[in-house]
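Here is a protein model to look at together. Take a moment to turn it around before reading on.

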Amino acid sequence: MAITFTSRTLIAASTAAALCLGGCADMSATQKGTAAGAGIGAVGGAVIGKMAGGRTGAGAVIGGAVGAVAGNIWSKRMEEKRVAMEQATKGTGVDVSRTADNQLKVNVPSDISFASGSAALKPELTSVLSPFAHGLDNTVIVQVVGHTDSQGGESYNQTLSLHRAESVRNYLVGQGVPSSRVLTDGRGETQPIADNATAEGRAKNRRVEIFLREPEKAGS
C-alpha cells in the first residue's frame, strides 16, 4: 500500500524527535527539548492539518511551533540552576538531577539531613539549603518531600516525614524565600529507594527531596 503524504510527515517528524533525543550529543538540554518538542508538534500538526481539510503542511508548521514551546519547559534558567546546585553540593552526597517532567530535583541523604527519628536540621543540610535559597527568584515553585525508613509505626513515620519537610520549608522561608512558594509533603515509609532490611538501605530511605519547577507547572 502506498504511503500517503500524511504518513510520510508523521514518520519523518517522529524519526526526527527520536534521533534528537538519542543522538544530539552536542546539544544543550534546552536545545534538545526544543528540537524534540518541534518534532512532536509536527506529528500533532500533521493530524491537525488532515482534520482541517487536508492542509497537512500548514498543520505541521503550526504543530511544530507549538511543540517547540512545549519542549522549552526546561528553560536555560533551569539548566543554569541545576549546574549551579551541582557545583554547590559537590562532594556532599547530594544528588541533583532533572526529572522526566522537567523539575529540578535535589535529593538529600540522611547522613547530612536528619538524625534517625529527628526532624531537626543537621548543620550539613543548612550549608546545602543556603545556596539553594539564595539562588531562587520570585517565579519558581519549591516542593519539599520528606521520607523515612520502615522503622517505627506507619503513622509515626508519616508524621515524622512531614515534620522534616516543614523544617526545610521553615529554613528556606527564614532565608527569604516567600512562604507561599514553598509546598511541603510527607511520604513516610511508602516510597523507599533501597532495601529497608539493611542499615545501609534504611539510611538511603531516610531522605528529603526538594523539587524546583517553573510556575507554569504550579497546578500540576
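This is a predicted model: local features need pLDDT of at least 70, side-chain atom pairs count only at pLDDT 80 or more; totals for chains, interfaces and linings use all residues.

Q: What makes the contact between Arg-77 and Glu-214 a salt bridge?
A: The closest N and O atoms of Arg-77 and Glu-214 are 2.4 Å apart. A salt bridge needs a side-chain nitrogen of Lys or Arg within 4 Å of a carboxyl oxygen of Asp or Glu, so the label applies. This pair links distant parts of the chain: Arg-77 belongs to helix α4 (residues 76-88), while Glu-214 sits in the segment after β5 (208-213), 137 residues apart.

Q: Are the two partners, Arg-77 and Glu-214, buried or partly exposed?
A: Glu-214 has a relative accessible area of 5%, and buried means under 20%, so Glu-214 is called buried. Arg-77 has 31% relative accessibility. That value lies between the 20% and 50% cut-offs, so Arg-77 counts as partly exposed.

Q: Why is the pair Glu-200 and Lys-204 also called a salt bridge?
A: Their closest N and O atoms are 3.9 Å apart, and the cut-off is within 4 Å, so the pair qualifies. Glu-200 and Lys-204 are four residues apart in helix α7 (residues 199-205), which means that about one helical turn separates them.

Q: How do you know whether Glu-200 and Lys-204 are exposed or partly exposed?
A: Glu-200 has a relative accessible area of 58%; exposed means over 50%, so Glu-200 is exposed. For Lys-204 the value is 44%, which falls between 20% and 50%, so Lys-204 is partly exposed.

Q: Which other salt bridges are there, and how many does a search of the whole structure find?
A: The search finds eight salt bridges. One of them joins the side chains of Glu-209 and Arg-207 at 3.3 Å, N to O, and both Glu-209 and Arg-207 are buried. Elsewhere, Glu-79, Arg-82 and Glu-86 are linked in a network of salt bridges. As a general point, side chains of opposite charge can pair when their charged atoms come close.

Q: What makes β1 and β4 edge strands?
A: Five strands form an open sheet in the order β1-β2-β5-β3-β4, with mixed pairing. β1 (95-98) and β4 (182-186) each have a single partner strand, so one side of each is left without a neighbour in the sheet. From one strand to the next, the twist averages 20°.

Q: How do you know that β1 and β2 are paired?
A: Four bridges join β1 to β2, and pairing needs at least two, so the two strands are paired. They run antiparallel. Val-96, for example, has Val-106 in β2 as its bridge partner. The hairpin of β1 and β2 has five residues between the strands, and there Asn-102 takes a positive phi near 65°.

Q: In which sense do β2 and β5 pair, and how do β3 and β4 run?
A: β2 and β5 pair in the antiparallel sense over five bridges, and Val-108 has Val-208 as its bridge partner in β5. Strand β3 (residues 141-146) and β4 run parallel, joined by five bridges; the partner of Val-142 in β4 is Val-182.

Q: Why is β2 described as mostly covered?
A: Four of the five residues of β2 (residues 104-108) are buried.

Q: What makes up the largest nonpolar core?
A: This core has 27 residues, and those with the most contacts inside it are Phe-132, Val-142, Val-144, Val-168, Leu-172 and Ile-210. The elements giving two or more residues to the core are α4, β2, α5 (123-134), β3, α6 and β5, and α5 gives the most, with five residues. In soluble globular proteins, nonpolar side chains tend to be buried together.

Q: Where does helix α6 lie, and how is Leu-162 placed in it?
A: Helix α6 (residues 154-174) lies across β3, β4 and β5, running at about 160° to β4. Leu-162 is found in this helix. Its relative accessibility is 29%, between the 20% and 50% cut-offs, so Leu-162 counts as partly exposed. Leaving aside neighbours within four places in sequence, Leu-162 is in contact with Thr-184, Asp-185 and Gly-186.

Terms used. Residues are numbered from 1 along each chain as its sequence is written. Side-chain values use heavy atoms; hydrogens and water are left out. Buried means under 20% relative accessible area, exposed over 50%, partly exposed in between (1.4 Å probe, protein chains only). Axes are lines fitted to C-alpha atoms, for helices over the stretch in contact, and angles run from 0 to 180 degrees between N-to-C directions. Contact means heavy atoms within 4.5 Å. A nonpolar core is a set of buried Ala, Val, Leu, Ile, Met, Phe, Trp, Tyr and Cys residues joined through side-chain atoms within 4.5 Å.
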